[in-house]
Amino acid sequence: MSEKAVTQQVLPYLTRALQEEDSSIRVVACKALGNIGEKAATAEVLRSAVNWLYDQEIGPFIDRVYILEWILKSDSG
């Protein structure tokens, strides 16, 4: 299976993980998306990431740092 096919299969799960209540799950998903790189920066994934930033129950400040770092890396490509 190609890398592109694997990425397309994994992205829906990582997108849902960004919406989890448990901040540790969101952070792990964000790190995984960062490892995938620019290919992970689909509109749906970025929308979930931005929604996470606006969530009033986001959790620790470091969570915001992880998601902002990933968004900025995705946008710089």
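Which residue takes a positive phi just after α2? G37 does, at about 90°. This is a predicted model: local features need pLDDT of at least 70, side-chain atom pairs count only at pLDDT 80 or more, and totals for chains, interfaces and linings use all residues. Residues are numbered from 1 along each chain as its sequence is written, and side-chain values use heavy atoms, leaving out hydrogens and water.

**View 1. Helix α2, residues 23-36.** Helices are DSSP runs (H or I, at least four residues), numbered from the N terminus. At 1.5 Å a residue (times one less than the number of residues), the 14 residues of α2 should span 20 Å; the end C-alpha atoms are 20 Å apart, which agrees.

**View 2. The two faces of α2.** S23, R26, V27, A29, C30 and L33 are buried (under 20% relative accessible area, 1.4 Å probe, protein chains only; exposed is over 50%). They cover an arc of only 160° around the axis, which puts them on the same side of α2. The arc uses directions from the helix axis to the C-beta atoms. V28 and N35 are exposed on the face turned away from the buried side.

**View 3. Buried side of α3.** Here V45, S48, A49, W52 and L53 are buried. Their arc around the axis is only 145°, which puts them on the same side of α3. A43 and Y54 are exposed on the face turned away.

**View 4. Around I67.** Leaving aside neighbours within four places in sequence, I67 is in contact (heavy atoms within 4.5 Å) with L18, C30, A49, W52 and L53.
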